[in-house]
Amino acid sequence: MSIDSGYQSPTVSVAAELPDGADDSTAAAVLIVPVVSDDDRAALAATEPALAAEAVSEIETGLRALGATGATDQVHRLVVASLPAGSVLTVGLGESRDAWSPDAVRRAAGTAARALNGAASVITTLSGLPGTGVVGAAVEGLILGAYRFTDFRSDKTAPKDAGLGAITALSAASSAQREAEHATAVATAVATARDFVNTPPSHLYPAEFARRAAALAEDAGLEVEVLDETALADAGYGGVIGVGQGSSRPPRLVRLIHRPPTGTKPKRVALVGKGITFDTGGISIKPAANMHHMTSDMAGAAAVIATVVLAARLQLPIDVIATVPMAENMPSSTAQRPGDVLTQYGGTTVEVLNTDAEGRLVLADAIVRACEDDPDYLIETSTLTGAQTVALGTRTPGVMGSEEFRDRVAAISQAVGENGWPMPLPDELREELKSTVADLANVSGQRFAGMSVAGVFLREFVAEDVQWAHIDVAGPAYNSGSPWAYTPKGGTGVPTRTMIAALEDIAAHG
């Protein structure tokens with residue numbers, strides 16, 4: 001696998017029915033089947049195509065012997081003589097339903113994938129559950145649940161198997177092939193974003209991040225522009241230069257542009273993502289405990305890069321222009337100091353009261369530059385504030401911005417299972433950002449409403465006629481706890497699925 005060309009996902013195929021007999025392709029495969037709780041006993045969930053009655057009886061007998069209940073996320077491994085697969089993996093869905101939501105299926109598929117123990121090939125009937133979008137959800141969940149990042153493991157600790165390489169989704173739906181192909185593309189983009197986040201800062205510093213982003217974009221046919229530290233200084237990107245000046249590894253700004261074939265004027269969407277490849281806090285240094293998690297402070301940039309590349313590969317009929325600032329925030333004799341004043345791109349001056357509130361400084365530069373492209377919409381994302389986790393926890397992004405578009409993006413996020421929640425930008429918070437020496441201060445003097453204060457700061461740089469949404473993923477972008485459903489430990493890829501779904505929604509509805 002090379003991050004220059006993106007994550008290499010398993011091959012995915014669709015079949016209308018289970019093969020009659022075992023051959024080389026099925027004998028070692030694991031058949032994943034969903035089970036539900038029926039009077040506190042596990043029973044096979046109804047799927048189309050359905051398994052033969054003999055196989056159903058064998059599976060349910062085995063589950064009874066194991067005391068299985070069909071509870072959500074409960075898994076069991078069985079050998080079933082009447083089936084062509086090498087083994088059966090059951091995954092619990094909880095109480096039976098007439099129709100299943102995509103995220104319930106996606107989570108079950110992810111749980112199953114994490115329990116495969118190195119199986120190279122799977123066949124699944126999760127894709128045949130009743131409900132809309134279940135084929136795509138099953139494929140997404142399997143790819144994302146099977147994801148692993150092993151680039152920095154030696155032979156001593158690297159997995160001995162190659163991991164999941166092939167998925168067969170069983171479904172009789174006419175849309176199954178199209179759903180599976182789309183889900184594979186989306187899951188591959190999410191995995192690419194995860195790879196970026198999981199690459200350590202020793203190997204992913206601004207210049208290298210820019211190189212890898214450019215390689216990935218060029219492979220997808222995007223227009224690419226990279227500004228180095230000299231070009232950034234000459235053009236007046238004071239925020240990016242100020243944040244990056246304390247590091248021996250200078251900053252970059254990357255522009256990636258997808259344009260559809262010529263024709264009627266398409267809608268134009270600007271994407272902006274924070275790319276702080278490591279954040280010590282600068283002179284306002286962070287506590288040592290858990291500082292290593294700040295390898296994820298470029299998760300917004302990773303998601304934006306993966307999204308614009310996917311937009312090109314899906315050939316979306318809209319302009320998508322990504323502006324991605326990249327810097328490393330380090331303390332040194334050249335670092336910016338609390339009390340310094342910098343001039344952002346576009347001319348606004350900012351008093352830097354806290355050098356650990358650096359993300360908004362690089363984003364402000366990028367937002368102004370993005371708005372020069374006259375977009376109809378601006379979507380930007382970052383690990384913006386620790387206050388996001390205080391308000392919403394580690395799994396729920398906060399969505400801020402112009403109210404109509406904010407609510408639209410939040411609804412889309414909830415629909416795809418990333419669960420963004422709309423947050424307000426009260427006008428009175430603008431008073432908290434007044435400076436005695438500059439146009440703005442980068443933080444307020446109060447502890448309250450930290451996420452909204454940061455959003456109010458960013459709003460100052462958004463052009464008035466642009467519909468705008470910011471997605472704060474400080475917690476959801478990086479899972480420092482145990483794996484769950486289709487979410488591994490480490491980079492999660494959030495909010496890639498939200499952004500690509502928002503682009504598709506704009507392409508479809510304007």
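A crossing of two helices is called left-handed if the near helix is turned anticlockwise from the far one by less than a right angle, and right-handed if clockwise. The views below come from a predicted model, in which local features need pLDDT of at least 70, side-chain atom pairs count only at pLDDT 80 or more, and totals for chains, interfaces and linings use all residues. Residues are numbered from 1 along each chain as its sequence is written, and side-chain values use heavy atoms, with hydrogens and water left out.

**View A. Packing of helix α5 against helix α8.** The crossing of α5 and α8 is right-handed. Helix α5 covers residues 206–219 and helix α8 residues 299–313; their axes lie 9 Å apart at an angle of about 15°. The pair is therefore roughly parallel (angles under 35 degrees count as roughly parallel, over 145 as roughly antiparallel, 65 to 115 as roughly perpendicular and the rest as oblique). Axes are lines fitted to C-alpha atoms, for helices over the stretch in contact, and angles run from 0 to 180 degrees between N-to-C directions. From α5, residues F209, A213, L216, A217 and D219 meet A301, A302, I305, V309 and R313 of α8 (contact means heavy atoms within 4.5 Å). This contact comprises 8 nonpolar, no polar and 2 charged residues (Ala, Val, Leu, Ile, Met, Phe, Trp, Tyr, Cys and Pro count as nonpolar, Asp, Glu, Lys and Arg as charged, and the others, Gly among them, as polar).

**View B. Crossing of helix α4 and helix α13.** Helix α4 (residues 176–198) and α13 cross at roughly 135°, their axes coming within 9 Å. The arrangement is therefore oblique. In the contact, H182, V186, A189, V190 and A193 of α4 meet T496, R497, I500 and E504 of α13. By class, these residues divide into 5 nonpolar, 2 polar and 2 charged. The buried residues of α13 include M499, A501, A502 and L503 (buried means under 20% relative accessible area, exposed over 50%, partly exposed in between, with a 1.4 Å probe and protein chains only).

**View C. Burial of helix α9.** Of the 13 residues in α9, 13 are buried. Helices (H or I, at least four residues) and strands (E, at least two) are DSSP runs, numbered from the N terminus.

**View D. The loop residue A28.** A28 is placed in the loop between β1 (11–15) and β2 (30–38). A28 counts as exposed because its relative accessibility is 64%. The C-alpha atoms of A28 and S121 are separated by 7.2 Å, although these residues are 93 residues apart along the chain.
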